[in-house]
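Dear colleague,

Please find below the structure that I am handing over to you. My notes on its aromatic contacts follow.

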Amino acid sequence: MFWRSVVVKLWFTILLFFSFVLSVLTILLLQFFENFHVLEAEKDLMQTANKVTYLVDEYGDSPHDDRDLLVRLIEQVKDPLNRIIILNNQNQYWVSSSEDETLPAFETEWIYRDQGLYEVINSQATFKQKMELPGTNREVLMVGRPLNGQNGAVFVYQSLDIVEETTSQTTKLILLAAGIAIVLTTFFAFFLSSRITSPLIKMKKAARELAKGEFHTRVPVLTHDEIGELAVTFNRMGRQLKYHIQALNQEKEQLSSILRSMADGVITLNRNGEILLSNPPADRFLHTFNYEKGTRSGDENQQKIPDDIRRILDQVISAEQEVTREINLQGRDFVMIMSPLYDKSFVRGAVAVIRDMTEERQLDKLRKDFIANVSHELRTPISMLQGYSEAIVDDIAETKEEKNELAKIIYDESLRIGRLVNELLDLARMEAGHIELNLEHVEIKPYVNRVVKKFSQLSQDKNISLKTDYHLSESHGHFDPDRIEQVLTNLIDNAIRHTDEHGIVEVTVRSSASRLHVSVRDSGTGIPEEDLPFVFERFYKADKSRKRNEGRKGTGLGLAIAKNIVEAHDGTIQVHSKLNEGTTFEFFLPINIK
């Protein structure tokens, strides 16, 4: 992790570069100063040799006292650490003293062993050389100069330890300077790296914040160079990204709201049959489909469509055209319209629109049934009116009693037609919301007893037990007594008419602080399960043969009217029934209707 840092990389790169440059420079300087010290030493030795040569030329042939002067002059001229050798043409030589006790004294055999030294005397040539003294392991720097006009020479030499010590001191100074330079370079490199990478680190943190959705994050602009321009560009990018993300979220929320508010199901699929987008009606459709087919849904994020729908998708992709299918599930009718989705010219998936046509088809069926039921209900009394009136007109009834009987039948059928028309008009007004309620505070128990008492004679005639049961925590209710009496009358009358002899009809009333609960239970024939959803529809009759036996007369509008009355009181009504076990109708009313 440490070496992955930009600061470390940049710092190490600068340090490595400067270290390399300093190393090369140090090596070159060491080599230069080593040669320089040798050359300076040679120069000093040669100057000494020249001075000695001059002194020898001046005082070499002088009397003895002058020679002593020459020696003193030479001792003053030379370096105390050097040795000077003077050879003359008589093979006589003089060697100076030296404070360097380790420096070997001159031996004549050196000249004859070394060709360079011999050439100084023999060829009158100068000599400069680092050499190891013959017979010793000491390395010295020696120069030689021939004497002017004489067969001799002056040799000056000194130990190389002096030069090496000078070189060593210079080397230490160079290495110290190099070390200080490396330390300063390290500090400078780290400082420069930090200065360069600090804005980058801030941008990295800001980028992480942007990735988390914190679009208000800004990078401070501290400079006006390329890094400053990068910070300005980064901030501009953050603003643009925030704007586009907000626009995308708004589009997504708008699309999601549109899909959720649609009554039709919408499913977007890719080529692999994976669901990319769906709304609640589509989810309910898929759940019903999987339940019907006995399959299970896949993972929510990668949900696969059922095989039957996958075949429709394959057909859409292969044919590249819209496909329409009708699907029946759990007694409901669906129409699926699936269209291809294109990525330029490539079909990338499909969108399916699923419409529940159950209510439309039921309404169409109800419309047809309504016309048939009204026609049926009106045909019989109209036929009877027509037939009996023709009998009167044609004088088929001869006696006055027979004519009165026919006239009574015509009158009863006309009342029946009027009652049917009035109920249809009342039902139409209720469904249009034009029902008016006269709300009153009613004492519940006497009110229900009065309604039930109206059917006591009818229940006795059919040998049916009519009971009441009360569980009242509130003795009064707030409702329209005439309308609720119409509901109770219809429910009790239906219960008695559909209960066989020796059966039971029980009216149960319960009240609490919030609502009134009334149920009418009978032990009659019951209602088939497939008919239960339609009992509150117009003209519903449990007797499908529509026989008009005694005690089973009715228009089939009573329960539809009762439902509208209860709902006008902000209540609910429902039915529970099992075939040959009986039926229970119950409705709930709020105690205090606003």
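A residue is called buried here when its relative accessible area is under 20%. By that cut-off Phe536 is buried, because its relative accessible area is 15%. Please bear in mind that the model is a predicted one.

There are five aromatic pairs in the structure. One of them joins Phe285 and Phe289 in a tilted arrangement, with 5.9 Å from centre to centre and 55 degrees between the planes. Both residues belong to helix H7, which covers residues 280-293, and they are four residues apart, or about one turn of the helix. Neither side of this pair is exposed: Phe285 counts as buried at 2% relative accessibility, and Phe289 is likewise buried, with a relative accessible area of 3%. Ring pairs also bring in Phe334, so that Phe285, Phe289 and Phe334 are linked into a cluster.

A further aromatic pair, between Phe536 and Phe585, is edge-to-face, with 6.1 Å from centre to centre and 90 degrees between the planes. Phe536 sits in the loop between strand S15 (515-522) and helix H14 (558-568), whereas Phe585 is part of strand S17 (residues 582-590). The pair therefore ties together parts that are 49 residues apart in sequence. Phe585, the partner of Phe536 in this pair, counts as buried too, at 8% relative accessibility.

With kind regards

Definitions and conventions. Residues are numbered from 1 along each chain as its sequence is written. This is a predicted model: local features need pLDDT of at least 70, side-chain atom pairs count only at pLDDT 80 or more; totals for chains, interfaces and linings use all residues. Side-chain values use heavy atoms; hydrogens and water are left out. Rings of Phe, Tyr and Trp (its six-membered ring) pair if their centres lie within 6.5 Å; planes under 30 degrees apart count as stacked, over 60 as edge-to-face and the rest as tilted. Helices (H or I, at least four residues) and strands (E, at least two) are DSSP runs, numbered from the N terminus. Buried means under 20% relative accessible area, exposed over 50%, partly exposed in between (1.4 Å probe, protein chains only).
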